[in-house]
Each structure stands twice: as structure tokens, then as C-alpha cells.
Amino acid sequence: MSASSIDYQIMWNRLIAVVEEQATTLIRTAFSTSVREAGDLSAGLFDRQGRMMAQAVTGTPGHVNAMAESVTHFAREIGAQNTFDGDVFITNDPWMGTGHLHDITVVTPVFRKDTHIGYFACTAHVVDIGGRGFGPDAGEVFEEGLLIPITKFAERGAVNPLLIQLVRANVRTPDQTVGDMYSLAACNEAGNRRLQDMMDEFSIDDLDGLSDFIMEGSRKATLEAIAQVPSGTYNATMTVDGMEAPVHMQVALTVEGSTLKADFAGTSPMSKFGVNCPEVYTRAYACYALKCAIAPQVPNNTGSLLPFEITAPEGCILAAKRPAPVSTRHVMGHLVPDVVLGALHQAMPDTVPAEGASALWNIQISARPSDPDSDLPNREVLMFNSGGTGARPALDGMSATAFPSGVSTMSVEATEHVGPITVWRKDLREGSGGAGAFRGGLGQTIEIEAREGYDFFFNAMFDRIENPAQGRNGGGPGGAGAVELSDGTKLRGKGRQKVENGQRLILSLPGGGGYGDPRARDRDQVRADLDAGYITETQAKADYGLDD
């Protein structure tokens, strides 16, 4: 290696620390629990062409990989002639950002010696953006909340007061939402300070050479990894719950040498409701699945993402057209990796996991006084909950773990602190992991009640109720999910519903599919699962053949 290549490699490694501090700043300053507790965010550095050079480890693939496309939109819409030192750009446009209005993306141009050299960008999910609230009931994106087009949050260091007024007037949680906007800007500024320090240390004044080094190295490594996959066309289908009707997902994965294309032709058309997914989000999670299986050791940046060509027919549920409702686009988006990995399993057997719960069981709770004349305040509460992941070729699935989103579990204490609810139960759901030589991960059972003086409405956005996660290589399906009240009343898996004071909402989260023949599971492991309460006695006998 030449000395310059060694320097570039050292600087590349340093960039990871820079963007990780950027993300940490956002977590520490964020107002919304979805950011500071769950890590539902992304942060990264981009060159002046809008190419992602580095991303923080903290964050979700949907945010990160969609943000990798969105910065180019900012660069085009604002234009170099209107980009100044001290500017901060903003949008939550689903088709220009990360797929729905609740995600706010903030981009800050980086200047050095009065010359524009790149951008920092970050995204975070805010608790409320107005409209119907975070849920699938809307018929158009216009009903789902306030859309902020690509514009300037600040120009030459001065925040736009009209934008702040508009946001505060249109959301239920003005302090939280505006506070998060400032947090996003602050996180980019933290990244900028660390980047300038690094550039001082290495005596460089632009990012062009370093960016080209990163892009070319990552691209070549990804192409080499793709070339190891046997050439051919691999097809997979999967049926999931959807909202008004089941959704058929279909993908054709074509590998020719170092070229890989994933085409979702044949997938169900758009829904009338907000479970539609803009194509940018579909690409983000399809790329994530492929990269995890094919090139997991290659750093994630524009160079390593470009070799994956992802397409979906415009107007299908995975390539929603404006102005389709897209509020809960994560439900379909989080299920994309399962169908992609189903196709890849044919090309790379004994590599990918079984299907999992996959889609987060997010729940938006609107607590309202039972007495309309009460002076008690309204409260908005957002919980992120996870079912079980699919079993792996040589390991059990992970229980109550968010895959593919990667967000953290939100603690009960933090959730109860922001709203008048009590979480009476939150534990692993016995028997919900699919049977197999390697068992699927378990889902959870969660029990929620409004405190005295309150009822609550909740926006359900759940899947895997009618169509549980399927196993691989002879493994059994994971347990299906369920939504009900404590009196046994069955509730819908999607849509706004009411829970009156004194009733408890019970969520039974789905488990992951099993991998391999259950009868091949180690007998001692079956007994250990039984002793731990992971499986029932009936399952031990019927699924695993345990007779003692």
C-alpha cells in the first residue's frame, strides 16, 4: 500500500468515530422516546456529490439506506448557488426522505475555508406530526400530517421562525417535535466539529480523495462478494396480512457474475390505507437483506449499495405513488428482507435465517380524559415492541429482538413516564418460537391499561396475525400474533381502536420460524427449553418427540 492509501484507511476508520459521536449527540438531546430510548435514527457523512461516505453504527437500515438516497435530492433542490455556511436543510417528504411523514431528515452542508466540501445528515422518528396520528387509517398522505418540503430550517445560522410556527400549530406535541428538530441540527453540528478536528490533524481541506477511495474500495469488494453467488434467477413469494386484504409479495433475484438485480414484479397493488411503502424504503431494506447475507464485512456506504439493483413496479404496495397514504410503511418494509432472503436461500443454502416476526409491533397510544370536562391533559405515547426472529442455520432465533430494524426495546419505565398508562406485563410468550432443529425466537406478551381518569385510543399496526412466520428446511412456523382485551374481546391488527378505563389491552407478539427438522434438535436442549418455559409440554412431545 502507498502511504496515501494508508492515510486514507486511517481517516476512513476515524470517520466511523465521527459519525458515531454525531448519532450519540442526537440520542442525548432528543425529546422523543423513539429516538433516545429506541435509537430510531440515522446519522452519516456525505461528500459534496451527496454520496454517503460513512454511517453511524447506531441507527436503522431503513433510515440509513434511504437517507443515502435523500441527500442527493437536497443537493439538487437547494442548489449550490443557494448553499451557504450556517445553513441547515430539512424535509419529511416520504418520497424524498425515508418513507413517511414521521421521519424528519436534516442535512447540514459542511464548509472548510469558505468552500463547500460535503454534508452531514441525520434522521429521526418524531412522536407526532399532526394529521390522524401514527397509524394506517388515512386514505391519502394529506391526512397523515404536516409535510415539510425540502427547505431551509436555518439560513446562515438564523432559524426560520415561520417554519417553527407552522410546525407548532400543526402537531399535538409541539415541544417534542420542535425540540427534536433542533436536536437533529445539533447532532450534525457535533459531527462537523469532529470532522474539522480530523481534517486539521491530517492537513486536508477537502473530502474528494477520501470519498473516492471509500467508494471505489467498497464497490469493488461488494462486486467481488456478489460474484461468489451462483449465477441464476431465484424466485420467492410470501403472503402477509396487509390491511383490507392479504398482501402477496414476490421477488425475482437475478445474479449474473457480479451483477445482482431484485425485481418485485407481481407484488400486490397499493392499499387504500397507509400500509403502502415508497420504493426508496423498499430499496433500503432489500439492500440490507442482500448485504447482510452476501457482503456483511463491507462497510455500508454509497459505494457498497450501488451494485444492488432493486426495482418494483410503480403502483404496487412496495412502490407507492404520491399521494398514497404511507404512515405505517414500516410494516411492509420490514417484511421485505424475509421474501428477499427466501429467494437468496435457493442460491446460498444454509446461510440465511427462517422468517421472523420482522415488522415491529409499534403502538401509538392517545390517552384522553374519560370525562371530557376534566382538566387532565391529553398525552401521546409511542411504544416499539419486537417479536421473535427466525432461527438460523446453526443457532436459535433471538427472542423479542427487532430484526431487520435493529431498534432497541423501549423500557417500561420510560414509556410510563411520558403518559398515563401502566404496563402490567411484558414477558416472553411461551411456545411462540417455531419448532426446529434450531428453534425460532419467542415473541412477547404485553398488557397495558390506562390509569385512573383516562381512556386511550391506540393505533394498531401489526402483522403476522393471519400469516405467521414460516420455517426453513423443515422447521415449523412461529406463533401467530393476537390483539385482544382482557375480557377476551378480539381486536383488529390494524387501525384506531378504543380501550376504556378498567380494560386492559393484551398484545401477543408473533414468534420466528424454526430451522431444520424439530426431531433433530438435541434432546438436552429440548428439555432445557421446557424447563425455561420457552416451549410447552405439548410442544415438547408433539413437535420434538420428547417422551420423557
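Colleague: In helix 4, which residues are buried, and how should I read their placement around the axis?

Modeller: The general idea is that an α-helix has 3.6 residues a turn, so residues three or four places apart point the same way. In this predicted model, helix 4 runs over residues 161-170, and its buried residues are Leu-163, Ile-164 and Val-167. They lie on the same side of helix 4 because they cover an arc of only 100° around the axis. On the other side of the helix, Pro-161, Leu-162, Gln-165 and Ala-169 are exposed.

Colleague: What covers the buried residues of helix 4, and which residue caps its N-terminal end?

Modeller: The cover includes strand 3 (88-91), strand 6 (151-155), strand 7 (158-159) and helix 5 (174-202). The cap at the N-terminal end is Asn-160, where a side-chain oxygen lies 3.0 Å from the backbone nitrogen of Leu-162.

Colleague: How do the axes of helix 3 and helix 7 cross, and is the crossing left-handed or right-handed?

Modeller: The axes of helix 3 (residues 61-78) and helix 7 (residues 279-294) come within 8 Å and cross at roughly 115°, and the crossing is right-handed. Among the residues that meet there are Asn-65, Ala-66 and Glu-69 from helix 3, and Arg-283, Ala-284 and Tyr-288 from helix 7. By class, this contact has 8 nonpolar, 2 polar and 2 charged residues.

Colleague: Where does the side chain of Thr-222 reach, and is Thr-222 buried or exposed?

Modeller: Thr-222, which lies in helix 6 (residues 208-227), is buried, with a relative accessible area of 0%. Its side chain reaches the backbone oxygen of Ser-218 at 2.8 Å, while Thr-222 also touches Val-298, Ser-304, Pro-307 and Phe-308, leaving aside residues up to four places away in sequence.

Methods:
Residues are numbered from 1 along each chain as its sequence is written. This is a predicted model: local features need pLDDT of at least 70, side-chain atom pairs count only at pLDDT 80 or more; totals for chains, interfaces and linings use all residues. Side-chain values use heavy atoms; hydrogens and water are left out. Axes are lines fitted to C-alpha atoms, for helices over the stretch in contact, and angles run from 0 to 180 degrees between N-to-C directions. Helices (H or I, at least four residues) and strands (E, at least two) are DSSP runs, numbered from the N terminus. A crossing is left-handed if the near helix is turned anticlockwise from the far one by less than a right angle, and right-handed if clockwise. Contact means heavy atoms within 4.5 Å. Ala, Val, Leu, Ile, Met, Phe, Trp, Tyr, Cys and Pro count as nonpolar, Asp, Glu, Lys and Arg as charged, and the others, Gly among them, as polar. Buried means under 20% relative accessible area, exposed over 50%, partly exposed in between (1.4 Å probe, protein chains only). The arc is that of the directions from the helix axis to the C-beta atoms. A polar contact is a pair of N or O atoms within 3.5 Å; within protein, one must be able to donate a hydrogen and the other to accept it, and residues adjacent in sequence count only if both atoms are side-chain atoms.
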